[in-house]
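Dear colleague,

Please find below the structure that I am handing over for your records. My notes on it follow directly after.

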Amino acid sequence: QVQLVESGGDSVQTGESLKLTCVASGFNFGANCMGWFRQVPGKGREGVAVIQDDFKTDYRNRVKGRFTISRDNAKNTLYLQMNSLKPEDTAMYYCAAGGTVRSRCPFWWFHYNYWGQGTQVTVSS
């Protein structure tokens, strides 16, 4: 049974940091694209960061330089270090796993197969 469990979300102030963790099981973690997505009420789910099996990464422009995605395949764990948080980062953050699209990890949520239940990040002004 596939399982993705996120943790680390919290309520913080602008400029502070959080580190999200996603512990995965039930699939070949190391062979999958892994990504972090976020969603706010009334808006669609958007990609935040993705990481490939070769550890190459991609980020949404609004988080570049502030967020870092990483993975520890030995622990089947995905991380998202979030620094210099802004109110616009407030969202439910989801961990996801999937395959490549044209040999690259996609940034669109639709291509991902497995999802966690989310962890809430709230950033106050």
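Phe-55 is partly exposed in this predicted model, because its relative accessibility of 45% lies between the cut-offs of 20% and 50%. The residue sits in the loop that connects β5 and β6. Most residues other than glycine have a negative phi.

A positive phi is also found at Ser-84, where the angle is about 50°. Ser-84 belongs to the loop between β8 and β9 and is partly exposed, with a relative accessible area of 39%.

The loop between β5 (46–51) and β6 (57–59) also holds Gln-52. With a relative accessible area of 16%, Gln-52 is buried, because this value is under 20%. Its side chain makes a polar contact with the side chain of Asp-54 at 3.1 Å. The side chain of Gln-52 also reaches the backbone nitrogen of Cys-105, at 3.3 Å. Leaving aside residues up to four places away in sequence, Gln-52 touches Arg-71, Ser-103, Arg-104 and Cys-105.

In soluble globular proteins, nonpolar side chains tend to be buried together.

Which residues does Leu-80 touch, not counting those up to four places away in sequence? They are Leu-18, Lys-19, Leu-20, Trp-36, Val-48, Ala-49, Phe-67, Thr-68, Ile-69 and Tyr-93.

Finally, Val-5 lies in strand β1 (residues 3–7) and is partly exposed, at 39% relative accessibility. Val-5 touches Thr-21, Cys-22 and Val-23, again not counting residues up to four places away in sequence. The C-alpha atoms of Val-5 and Leu-78 are 9.9 Å apart in space, while the two residues are 73 residues apart in sequence.

With kind regards

Note on methods: Residues numbered from 1 in each chain as written. Predicted model: local features only at pLDDT ≥ 70, side-chain atom pairs only at ≥ 80, totals over all residues. Heavy atoms only, no water. Helix = DSSP H or I, 4+ residues; strand = E, 2+ residues; numbered from the N terminus. Buried < 20%, exposed > 50% of the residue type's maximum accessible area, 1.4 Å probe, protein only. Polar contact = N/O pair within 3.5 Å; in protein donor to acceptor, adjacent residues only side chain to side chain. Contact = heavy atoms within 4.5 Å.
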